[in-house]
Structure formats: structure tokens, C-alpha cells
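Open the structure in your viewer and keep the selection tool ready. We will go stop by stop.

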Amino acid sequence: MPAEAANILVSTIRRVEREAPNPHRPACIRRYSHRGRRLADPAREFFPGNSICRITTMPRSSFRRTVAAEEPTQTPQRILLLAPSQGLGGGIERYLSTVEECLRAGGVEVHRIDMLGPEQSLTAARRIRFALRVVYTGLRLGRMDCVTTGHRNMIPVAAVAAKVVGARMAPIVFHGNDIWELPRSYRALVSRSATLFPLTVSSYSAGALSTLGLAPILPPSIAPDWRTTLIEESRRRRPPAAVPTVLSVFRLPAWEGKGLPVLVEALAAIRQRTGPVRLVVAGRGPIPGSLRDFASAHPELELHENPDDHFLASLYGEADLFALCTRTMPPSSGEGYGIVLLEAQLAGCPVVGPASGGSYDAYQEGLTGVTPANESSEALAVVLSDLLTNRPRLARMSGRAAELAVATTDPAEYTRKAITALTGTPPADRPHPGVPEQRVAVNRLPEGLTLG
């Protein structure tokens, strides 16, 4: 950030202090020169310049000691949520929106600040405005229990925000690719901070973060309303069609990294041996020109751009099998979890997950899904063929998938997990009126199908 932006930040802080004094705000801000003795202050990583705000912090304490020491409390928790975007789509947005919704349902006071809005791209100017907005908002809000940061790109802002609001905990959520792309300076910020710590979505990602620290795991869940829609779809599952359908859902611009060419190749080999198989691909667009050319060369591929929830749920319900074939190409790509695997199972659709990555946490191997031996089209064809030619097994897996996904994504239980992971304090046991009561996923199966 240029020196002018740092000076704007300092001016903003002083103006807010004059115009809106807040007795609940930590009295902790003072100026010092960048030529001072403590050049390693975390804030300097994001706000270099002639002058900077240095903000005192609480004594260093272990996340796990905090969790063990804190008792459930009736006092509402206050969380500042820093999110990379809202309205651009993708798994990170859905993850953070679900966490936010469940926190609010559990009585937590959540204040969310988004870096980007719909149809916006990331620029230096937007980064600066976002940083100023975070500090300005933090000064107005006063003391917060937690600053949760939804992406590693905002680590420097999180370091400053945590000090501005006096937060005792500041988890940084790591999802997948961002783990391997973490700059060394950001790694130093987290490892040296008294409040920043990594939090991730799967055991695979937690292992990848082991050099940074022991990362608590808060896996993805499904927003309650969307969850209900998928559960209803599972109750309406139709008898198997004569031609089986394989569905894959992902962001369409990432079609190569999501393994679509390998999936098409594997299904082509299956068609030669067992007959026709329908392939449906859906996801948020825009559809890149390379994908349009690929689809033109493979007329058996059915593409759906930006489906609404109702149509997407129907695609899940019609599919016999869901396949996510994300490529793992170290050091900068792989599947951290795969929320779409949970969505498919809620709709009663068995899944085939990526051969590597964190998706293994999203399903029960052999019961609700299977994993190829490796990322080759031959290995993928083996598992797809085994399932598509064994309709009774698919039917059993369908029922188990819906049942286990309902238990895994229970909103009340997920609310408890989220509050505990982010604040270090278990919520008091009380009903959460914001979490709708959910019906059982499968009241009955199509005639002739059993869970045995």
C-alpha cells in the first residue's frame, strides 16, 4: 500500500475517534514511526509508509487452552466476518454464508464486510478501500470476541482488525489451493501473532497446514433452506431410467482443473462396453470459449450455465451418480473439500470423489461414495462402470447417502460447532429459533428399493 493510503488510514482512525467516541472500544491506538525499533509489527505488512498505527494486543494464549478454559455463556458473542466476496459465487462464498447464517441462528451478533460485490474484480484500489472500511467499521463497533477471515488474501487486514477491536481470537479459514499459495510473509504474520490462527475445512487441509500450526477443522455444511430443498428432492427420487445419468457440478471457468476431460474420456470407454450413459454438467458461468469448443466436439455432453436452486436440485434428483474429478497438481491445486458432494448426497445421489485431496471427508467410502485408485481416466472408468452396472448397489447407496448427509449437516449441531470453533466458547444450550426444524431425509424409498 502506498504511503498516501497509510496516511488516509491514520486520518480516518483519528476522525472516527473525534466524531464517534465509543466507550466499548479498546483504548489502544498510538502512532509510531516506521523507523522505530519494532519494524516486525504485523500491521506493517499491510500498511508500510511514513507512519503507521500500532495497536496493542492481548497476551498470547493458546487456542486450545482458551477452548478448554471457557464455559458456555448466555452473553451474545460478537464476530466480525471478513469475506472475500458476495454475489460472485463459488464454494468459499457458500461456506461463509452458511457459517454466517448458522451463527446468527445461534444468537451470535455477526458483522460481515465483503471485499468484492457482484461483477466486481479485485484491484489495488478496492483492496485499499476494503482495508479502510474494515478499520473504520471496527472502530465504530468497539470490542469484538472474534475476527473471522474467510480467505488468506486478507491476513494482513485481519491482523490489524483483530487489534482494533480487541479480539481474543482471529481464525483464518484455509480452503484448499490457498494453503500451497500462502506467501512467506503471510505465514510469518500468522505464526507470530497472538490471536491469528489457521482454521480449515478438512483433515487433508489440516495436515497440509501442520507446519503453520495445529488447525481446528470446521467442515462445510449446507444452508438450512437449501438443505431442505435437497432433502425434499431425495424424497421424490424417481425409479432408475433406462439410460443412467452422471452429473458433475462446478464453476464452469475451472472445467479443466475439475477434471471434465478425464470424465468425458472415462465415460466414452464405458459406452463402448456397456451402452449409452448421459453426462450432465452444471455450474456458475460464464462458459469460457474453450469449454464451448470442447462441448461442440462432444455432443453427448449436456451443459447448464447458472442454474437456479430449483433446477439444480432437480438435476441432483434425476442423476444416478455424481462425479467430481478435481485434478491435484502440486504445489497449487486440489480439492479442499467439495461442498457439491454433500449437496448430491442430501438429494440421495451417490458420489464419486476425487482421487486425492480433502473430499474423502465428505462421504463414507463404499457406503455413500467411492474413490478412484488414481486420477487417470482408466481408474475413473473402473469405479463408474462398477456402480452404473450394479443398480441394486446404487439404490442402497442412494438411501444411505441421504440419511448420513442429513445427520452430517444438522443445522443445530453445525451452529454449535461453528460457535465453538470461531470463539473458543461453546454456546449455551438453548433452542435457536432461526434454525428451521428439518424433516427426515427419506421417509420412504421408491418401490422395490431397500437400505439393506
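**Stop 1: a residue in a strand**

Select residues 146-149, which form strand E5, and find Thr149 there. Keep in mind that this is a predicted model.

Is Thr149 buried or exposed? Its relative accessible area is 0%. Buried means under 20%, so Thr149 counts as buried.

Now show what surrounds Thr149. Leave out its neighbours within four places in sequence. Thr149 then has contacts with Leu82, Met154, Ala158, Pro171, Ile172 and Val173.

**Stop 2: a residue in a loop**

Next, select helix H8 (203-208) and helix H9 (224-235). Follow the loop between these helices and stop at Ser221.

Which residues does Ser221 touch, leaving aside neighbours within four places in sequence? Select Thr98, Ile339, Leu342, Thr409 and Tyr414. Hold on to Tyr414, one of these contacts. It leads to the next stop.

**Stop 3: helix H16**

Select residues 411-423. This is helix H16, with 13 residues. From its first C-alpha to its last, helix H16 reaches 18 Å. That is close to the 18 Å expected at 1.5 Å a residue.

Now colour the buried residues of H16: Pro411, Tyr414, Thr415, Ala418, Ile419, Ala421, Leu422 and Thr423. Tyr414, the contact of Ser221, is among them.

Step just past the end of H16. Gly424 sits there, with a positive phi of about 80 degrees.

**Stop 4: the cavities**

Turn to the empty space inside. Rolling a probe the size of a water molecule over the atoms shows where such space is left.

How many cavities of 30 Å³ or more does the structure hold? There are 2.

Begin with the largest cavity, at about 50 Å³. To see its lining, select Leu324, Cys325, Arg327, Val352, Gly353, Pro354, Ala355, Pro372, Asn374, Glu375, Ser376 and Leu380. Colour this lining by class: 7 residues are nonpolar, 3 polar and 2 charged.

Move to the second largest cavity, with about 40 Å³ of space. Its lining is Thr245, Leu247, Arg278, Val280, Leu315, Glu318 and Ala319.

Which strands and helix supply at least two residues each to the lining of the second largest cavity? Select strand E8 (245-249), strand E9 (278-283) and helix H12 (309-318). By class, the lining of the second largest cavity has 4 nonpolar, 1 polar and 2 charged residues.

Terms used: Residues are numbered from 1 along each chain as its sequence is written. This is a predicted model: local features need pLDDT of at least 70, side-chain atom pairs count only at pLDDT 80 or more; totals for chains, interfaces and linings use all residues. Side-chain values use heavy atoms; hydrogens and water are left out. Helices (H or I, at least four residues) and strands (E, at least two) are DSSP runs, numbered from the N terminus. The expected span of a helix is 1.5 Å times one less than its number of residues. Buried means under 20% relative accessible area, exposed over 50%, partly exposed in between (1.4 Å probe, protein chains only). Contact means heavy atoms within 4.5 Å. On a 1 Å grid over the protein atoms alone, a cavity is a set of points where a 1.4 Å probe fits but cannot get out, and a pocket is an open set with protein on both sides within 12 Å along at least five of seven lines; lining residues have an atom within 4 Å of a point. Grid points are joined across faces, edges and corners, and a volume is the space filled by probe spheres set on the points. Ala, Val, Leu, Ile, Met, Phe, Trp, Tyr, Cys and Pro count as nonpolar, Asp, Glu, Lys and Arg as charged, and the others, Gly among them, as polar.
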